[in-house]
Amino acid sequence: PTAIANTAPVISLSSGSINYAENSDSIVIDSAAIATDDTPNFNTGTLTVSTDGTVNDILAVRDQGTGTNQVGVSGSDISYAGTVIGSVTGGNGSPLTIAFNASANTTAVQAVMRNVTYANSSENPEATARTVEFVLTDGDSGVSNTATRNITLTAINDAPVNNFPGIQTTAEEQDLVFNTNN
C-alpha cells in the first residue's frame, strides 16, 4: 500500500489587533482561532505561543473549568471537557508551550488555542505593540504556518503614592527633619 503523506496543520487567527491596558486582567488573544489538520493525532504535538515583547509579558491558558467544551488548567495539566490532553510550560516572559498527549484531537487543540491569554506584570510597561505568534505541530511531524496577532499595550499614568511616615509632632517654630528614624 502507498503511504499517505502527512499534511501539516493549518492555523489562523483573527485579523486586527487587540488592546491591553496596564493593570488589566489577562485577555484572550483570539476566541475565534481556527486549527485544522488531516489527522486527529496530536500525540507528541505542541502548541507554542510567543511574543516579541518583554520579560513582563505573561502568556497563559485560561481555566474555564472541566465541563463540556471547556478548557481546564490544574497545575501544569491542560484538560478539555474534563480529560487531560497535555501539559503546559513557560509563559512568564518566555514562550508558552503546550505538549499534547494521545487524548488531544483537533477540537480540543482548537479550544486551547481559543483560550490562550495575554497580560503584562509591569507597573511601567513599554507601550509598544506586541506581535504574538502561534505555531502548532501535530503528532505526525507536521508543522503549521505561523499565525500572528498584534496586541496594542497602553500604559496608564498611575497616581503618585506619597509614603510619609506616621504622625509627627514638634514644638511651634521648630524645624522637623524627616529621616529614617521617624
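Q: Is Ser122 buried or exposed?
A: In this predicted model, Ser122 has a relative accessible area of 13%, and because the cut-off for buried is under 20%, Ser122 counts as buried.

Q: Where is Ser122 found, and which residues is Ser122 in contact with?
A: Ser122 is found in the loop between S11 and S12, and, leaving aside neighbours within four places in sequence, Ser122 is in contact with Glu22 and Asn56.

Q: What does the side chain of Ser122 reach?
A: The side chain of Ser122 reaches the backbone nitrogen of Asn124, at a distance of 2.9 Å.

Q: And how many Å separate the C-alpha atoms of Ser122 and Val161?
A: Those C-alpha atoms are separated by 17 Å, with Ser122 and Val161 standing 39 residues apart along the chain.

Q: Switching to rings, how many aromatic pairs does the structure hold?
A: The structure holds two aromatic pairs. In one of them, Tyr20 and Tyr118 are arranged edge-to-face, at 5.3 Å centre to centre and with 90° between the planes.

Q: Which parts does the pair of Tyr20 and Tyr118 tie together?
A: Tyr20 lies in strand S2 (residues 17–21) and Tyr118 lies in strand S11 (residues 116–120), so this pair ties together parts that are 98 residues apart in sequence.

Q: Are those two buried or exposed?
A: Tyr20 counts as buried at 2% relative accessibility, and Tyr118 counts as buried at 0%.

Q: What about Phe42 and Phe100?
A: Phe42 and Phe100 form an aromatic pair that is also edge-to-face, with 6.3 Å centre to centre and 70° between the planes. Phe42 lies in the loop between strand S4 (34–36) and strand S5 (46–51), while Phe100 is in strand S10 (residues 96–100), so the pair ties together parts that are 58 residues apart in sequence. Both Phe42 and Phe100 are buried.

Q: What else does Phe100 touch?
A: Not counting residues up to four places away in sequence, Phe100 touches a list of residues that includes Asn43, Thr44, Gly45, Thr46 and Leu47, and also Ile85, Gly86, Val109, Val112 and Leu136.

Q: Which residues in the largest nonpolar core touch the most other members?
A: Of the 36 residues in that core, Leu47, Ile98, Phe100 and Phe134 touch the most other members. Helix H1 (residues 106–113) gives the most to this core, with five residues.

Q: Which strands does H1 lie across?
A: H1 lies across S5, S7, S8, S9, S10 and strand S12 (130–137), and runs at about 120° to S8.

Q: What order do the strands have in the open sheet?
A: The open sheet has eight strands in the order S2-S13-S12-S5-S10-S9-S8-S7, with mixed pairing. S2 and strand S7 (71–74) stand at the edges, each with a single partner strand, so one side of each is left without a neighbour in the sheet. From one strand to the next, the twist averages 25°.

Q: How do S8 and S9 pair?
A: Strand S8 (residues 77–80) and strand S9 (residues 83–90) pair in the antiparallel sense over four bridges, and Asp77 stands opposite Ser87 in S9. S8 and S9 form a hairpin with two residues between them, and Ala81 in the turn has a positive phi of about 55°.

Q: And S9 with S10?
A: S9 and S10 pair in the antiparallel sense over five bridges, with Ser87 standing opposite Ala99 in S10. Their hairpin has five residues between the strands, and Gly91 in the turn has a positive phi of about 105°.

Q: How many bridges join S5 to S10?
A: Four bridges join S5 to S10, which run antiparallel, and the bridge partner of Thr46 in S10 is Ala99.

Q: Back to phi, what is the value for Thr44?
A: Phi of Thr44 is near 75°, a positive value in a residue other than glycine. Thr44 lies in the loop between S4 and S5 and is exposed, with a relative accessible area of 59%.

Q: And where is the place of Glu173, and what is its phi?
A: Glu173 is in the segment after strand S13 (147–154), and phi of Glu173 is near 65°, again a positive value in a residue other than glycine. At 75% relative accessibility, Glu173 counts as exposed.

How values were computed. Residues numbered from 1 in each chain as written. Predicted model: local features only at pLDDT ≥ 70, side-chain atom pairs only at ≥ 80, totals over all residues. Heavy atoms only, no water. Phe/Tyr/Trp six-rings, centres within 6.5 Å; stacked < 30°, edge-to-face > 60°. Buried < 20%, exposed > 50% of the residue type's maximum accessible area, 1.4 Å probe, protein only. Core = buried A, V, L, I, M, F, W, Y, C linked by side-chain atoms within 4.5 Å. Contact = heavy atoms within 4.5 Å. Pairing = 2+ DSSP bridges. Axes fitted to C-alpha atoms, helices over the stretch in contact; angles between N-to-C directions. Polar contact = N/O pair within 3.5 Å; in protein donor to acceptor, adjacent residues only side chain to side chain.
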